[in-house]
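Thanks for making the time, everyone.

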Amino acid sequence: MAATLHVNGLTVRREPQLVLDAVSFTASPGQCIGLVGPNGVGKSTLLGALAGVVDIESGSVQAQPGDALVGWLPQEAERRSGETVAGFLARRCGIDLADAELHAATASLAAGSAGADDRYGVALDRWLMLGSADFEARTGEVWHELGLAERLLDAPTTQLSGGEAARAGLAALVLSRYDLYLLDEPTNDLDLDGLERLERWVRELDAAVVVVSHDRTFLENVVTDVIELDEFSHRAGWFAGGWASYLEERSIQRRHARERFDEYDTKRRALQGRAERERNWATQGVAKAKRKPSDGDKSARQFKINQTEQLAGRAARTQKAMERLEVVAQPQEPWQLRLSVGSPGRSGDVVAQLTGAVVDHGAFVLGPIDLEIAFGERIAVLGANGSGKTTLIDTILGRAELRQGSRRVGPSVVIGEVGQARRQLQGSATFLRDFTDVTGLTTSEARTLVAKFGLGADHVTRPTATFSPGERTRAALALLMANGANCLVLDEPTNHLDLPAIEQLEAALAEFNGTVILVSHDRTLLATVPMTRTLRLADGRIVADDVV
């Protein structure tokens with residue numbers, strides 16, 4: 001069903017803070033609208049409001065036709081205790097609720113309840129529109145296409161690896177039959193093949209899509225329009241014509257805004273200076289003329305008084321000209337992450353070494369792995385979801401128990417890590433307490449450092465577990481600066497970061513003079529950050545080890 005979403009004057013407030021102010025736009029079939037803005041600006045809140053799960057203060061959200069099926073896929077898929085992967089897919093695709101309603105409507109019809117006919121008709125239509133009739137068969141096909149083991153469908157979601165969970169999320173998207181899609185960071189943790197499949201699926205959709213993503217290549221490949229949320233006005237700016245057009249138009253808008261302010265400020269300062277000079281001349285002239293001149297010429301004295309009064313009039317006119325200037329507000333500069341990772345000193349020649357290492361991770365086996373990492377190497381670890389990248393990282397860092405083989409990490413190696421799950425700070429105390437315990441910094445030093453990462457007074461008193469994914473990522477990056485690592489281990493570090501922060505991370509990695517081990521599917525990041533070596537994994541083995 002072709003459906004259109006109309007958003008008019010949408011305002012959302014989280015007391016006392018205004019989050020969204022009078023946001024208006026229309027999403028039509030075939031459009032893919034990229035929703036961008038810094039972390040915390042309200043992108044996920046807007047998607048939640050469009051889905052009807054976030055309360056709005058004013059405005060309206062209307063889908064036409066009114067019975068259109070809206071699919072909202074949040075940033076972090078909830079892994080419910082006891083829920084199987086098959087159950088997760090049914091829930092994400094709306095099949096479970098449609099089944100439950102159809103069964104209830106059937107029972108109501110059998111009981112002869114009032115209005116049962118209408119209820120059954122609506123329930124059946126929804127059940128059919130969501131593709132419930134052949135859902136199980138389609139699930140098997142998609143599961144096979146994604147290269148996932150059939151046994152995983154009956155496995156609890158809590159046992160999935162990050163890569164398997166990402167693939168399960170992609171399967172849920174492909175299987176879904178919604179009329180409108182609201183997607184929050186759908187690219188997170190997907191491998192390169194998964195990203196290509198996701199892009200192809202979005203491009204082939206007839207439905208309208210509103211997507212939040214910080215994957216620049218994905219945005220460039222799929223979006224037709226861009227909505228930018230402004231962190232100061234809390235309003236939305238519309239940019240038509242795709243990602244490249246948005247970047248160019250935004251740059252032009254910002255340059256013109258700066259030029260308009262500079263022109264206004266130059267005129268205002270010039271008029272202000274002239275008015276002050278004219279007032280000073282008039283004041284000094286009157287005072288001098290009223291003193292008795294040495295020649296006693298009253299006519300000359302009166303002439304000087306008239307002249308200074310004219311100067312005073314000119315000063316008043318200049319002041320009025322200044323007041324008539326159309327005021328142009330100074331463009332506000334957004335907060336930017338300033339990330340730099342220093343090094344406490346060089347480690348030994350050998351940073352880490354694995355010899356015949358084998359690790360059992362449930363049914364998955366990593367190894368045997370033979371690997372030596374030298375100081376200063378910059379290694380990209382690539383491979384499909386489930387190939388063993390994160391398990392390899394855990395093995396290098398000593399978190400995974402070896403079934404056989406040996407592991408060695410150099411004694412002078414100082415590790416700085418951003419893990420895929422962002423679990424470096426998981427205490428039950430406040431974030432500030434966790435941070436000082438891990439880093440050894442004083443409270444004052446810790447507050448100063450984390451503030452550079454946009455984590456202020458309202459963050460430091462909260463448990464880290466309450467942080468959003470973006471806040472947890474910035475907290476992990478703050479740890480990198482605090483620990484002074486000479487070996488960075490980064491597992492999908494760009495997940496949940498906004499675009500300016502990703503660019504800062506790229507710059508910091510380019511300047512870092514230590515060892516870097518990077519797991520990432522961010523195609524722009526991999527093309528931007530210089531690497532010296534690439535490891536490719538498949539089925540738990542290193543299948544390629546190439547010098548770049």
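This is a predicted model: local features need pLDDT of at least 70, side-chain atom pairs count only at pLDDT 80 or more; totals for chains, interfaces and linings use all residues.

Let me begin with the open sheet, in which 3 strands follow the order β11-β10-β13 with antiparallel pairing. Its edge strands are β11, residues 364-374, and β13, residues 404-409, each of which pairs on one side only. On average, and with direction ignored, neighbouring strands here are turned by 20° against each other. If we look at β10, residues 350-361, we find that this strand and β13 pair in the antiparallel sense over 5 bridges, and T355 stands opposite S406 in β13. Across β10, β11 and β13 lies helix α11, residues 389-396, which runs at about 60° to β11.

Turning now to β5, residues 70-73, this strand has a covered face made up of G71 and L73, whereas V70 and W72 are on the uncovered one. In general, side chains in a regular strand alternate between the two faces of the sheet. The partner I want to point out is β6, residues 180-184, with which β5 pairs in the parallel sense over 4 bridges, and there G71 stands opposite Y181.

Finally, the histidine: H234 lies in the loop between β8, residues 225-229, and β9, residues 236-240. Is H234 buried or exposed? H234 counts as buried because its relative accessible area is 18%, and the cut-off for that term is under 20%. Leaving aside residues up to four places away in sequence, H234 touches L18, V19, L20, D21 and V23.

Methods:
Residues are numbered from 1 along each chain as its sequence is written. Side-chain values use heavy atoms; hydrogens and water are left out. Two strands pair if DSSP finds at least two bridges between them. Helices (H or I, at least four residues) and strands (E, at least two) are DSSP runs, numbered from the N terminus. Axes are lines fitted to C-alpha atoms, for helices over the stretch in contact, and angles run from 0 to 180 degrees between N-to-C directions. Contact means heavy atoms within 4.5 Å. Buried means under 20% relative accessible area, exposed over 50%, partly exposed in between (1.4 Å probe, protein chains only).
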